[in-house]
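I opened this structure for a first look and kept notes as I went. The entries below follow the order in which I looked things up.

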Amino acid sequence: MRTHFDVFGLPRAYDVDVPALEKQYRELSLQLHPDRVAQADARERLKALEGTTALNEAFKALKDPVRRAFYLLKLHGVDLDREDAGAQKDMPLEFLEEVMELREALDTAMEKKDLTRVQAMGTQVEGRRKAALDEAAGALRALEGEGDSQAPVRKASHALGRVRYFTRFLEQVEAFEEESLS
């Protein structure tokens, strides 16, 4: 199966040289652009369109460190985007309880229209989101040399599960801020 990394001729790795990726993306976009085959037969035009679509999807996934981490984990057999993903059910109970408490505190602050408190919670959670992403990145880097060793896969899936929870929390904070400031 051709991966997003294969599209750019890159090794499967968490660390990517984003400026070089952007440069290569622009070059490949020009080569694969459907306008270049506008006069060709339907099969050639479809092939160009499929190539452009694959290139765009690969670029979006690889340029963003969070998307890249989720994609790498998926290549190691854990798809956190699926609702029935075992890793989501497998999150430590203490963390899930903590998330519930955080959400309740956020709901209370939002009901009181306490923008300062909501923003402070957002700042704290953003720091925790960054730490969870750093932990996931470390586990994914460990996988590069070990293949599908279960310990780093599990560590990365738990860390990315936290990233997902924290991201949703921050989206709520952002929506509240926009509503409060408009």
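**Entry 1: confidence**

I started with the confidence of this predicted model. Among the elements of the protein, helix 5 (residues 86-89) has the lowest mean pLDDT, 54, while helix 1 (residues 4-7) has the highest, 95. For the protein as a whole I noted a mean pLDDT of 90. I also noted that 95% of its residues reach 70 or more.

**Entry 2: overall build**

I looked up the secondary structure and found eight helices and zero strands. Along the sequence the pattern reads α-α-α-α-α-α-α-α.

Next I took the dimensions. The C-alpha atoms fill a box of roughly 60 × 45 × 30 Å along the principal axes. The radius of gyration is 20 Å, whereas a compact globule of 182 residues would have one near 16 Å.

I then checked burial and contacts. Of the 182 residues, 36% count as buried. Among contacts between residues at least 6 apart in sequence, 71% join residues at least 24 apart.

**Entry 3: helix 2**

I checked the length of helix 2 (residues 18-32) against expectation. Its 15 residues should span 21 Å at 1.5 Å a residue, and the end C-alpha atoms are 20 Å apart, which agrees.

Which residues of helix 2 are buried? I found L21, Y25 and L28. Seen down the axis of helix 2, these buried residues fall within an arc of 75°, so they line one face of the helix. They pack against helix 1 and helix 3 (42-63). On the other side of helix 2, I found P19 and L30 exposed.

**Entry 4: the cores**

I wrote down a general point before looking inside: in soluble globular proteins, nonpolar side chains tend to be buried together.

How many residues does the largest nonpolar core have? I read 33, and the residues with the most contacts inside this core are F8 and L160. The elements giving two or more residues to this core are helix 1, helix 2, helix 3, helix 4 (65-75), helix 7 (115-146) and helix 8 (150-181). Apart from this core lies another, of 14 residues, with M91, V125, F166 and V173 among them.

I went back to L160 to list what it touches. Not counting residues up to four places away in sequence, L160 touches A69, F70, L73, L80, L133 and A136.

**Entry 5: helix 6**

I repeated the length check on helix 6 (93-111). Helix 6 has 19 residues and reaches 27 Å from its first C-alpha to its last, close to the 27 Å expected at 1.5 Å a residue.

I listed the buried residues of helix 6 as F95, V99, L102, L106 and A109. Down the axis of helix 6, they fall within an arc of 90°, so they line one face of the helix. The face of helix 6 turned away from the buried side carries L93, M100, E101 and E111, which are exposed.

I moved on to the loop between helix 6 and helix 7, where K112 lies. K113 lies in this loop too.

Is K112 buried or exposed? K112 counts as exposed because its relative accessibility is 64%, where the cut-off for exposed is over 50%. K113 is exposed as well, with a relative accessible area of 61%.

I noted the backbone here. Most residues other than glycine have a negative phi. K113 is not a glycine, yet it has a positive phi of about 55°. This residue comes just after helix 6.

I also took one distance from K112. K112 and V153 are 41 residues apart in sequence, and their C-alpha atoms are 41 Å apart in space.

**Entry 6: two single residues**

I looked up H158, which lies in helix 8. H158 is buried, with a relative accessible area of 12%. Leaving aside neighbours within four places in sequence, I found H158 in contact with D90, M91 and P92.

N56 is partly exposed, at a relative accessible area of 27%.

Methods: Residues are numbered from 1 along each chain as its sequence is written. This is a predicted model: local features need pLDDT of at least 70, side-chain atom pairs count only at pLDDT 80 or more; totals for chains, interfaces and linings use all residues. Side-chain values use heavy atoms; hydrogens and water are left out. pLDDT is the predictor's confidence in each residue, from 0 to 100. Helices (H or I, at least four residues) and strands (E, at least two) are DSSP runs, numbered from the N terminus. The expected span of a helix is 1.5 Å times one less than its number of residues. Buried means under 20% relative accessible area, exposed over 50%, partly exposed in between (1.4 Å probe, protein chains only). The arc is that of the directions from the helix axis to the C-beta atoms. Contact means heavy atoms within 4.5 Å. A nonpolar core is a set of buried Ala, Val, Leu, Ile, Met, Phe, Trp, Tyr and Cys residues joined through side-chain atoms within 4.5 Å. The radius of gyration is taken over C-alpha atoms; the globule rule is 2.2 Å times the number of residues to the power 0.38.
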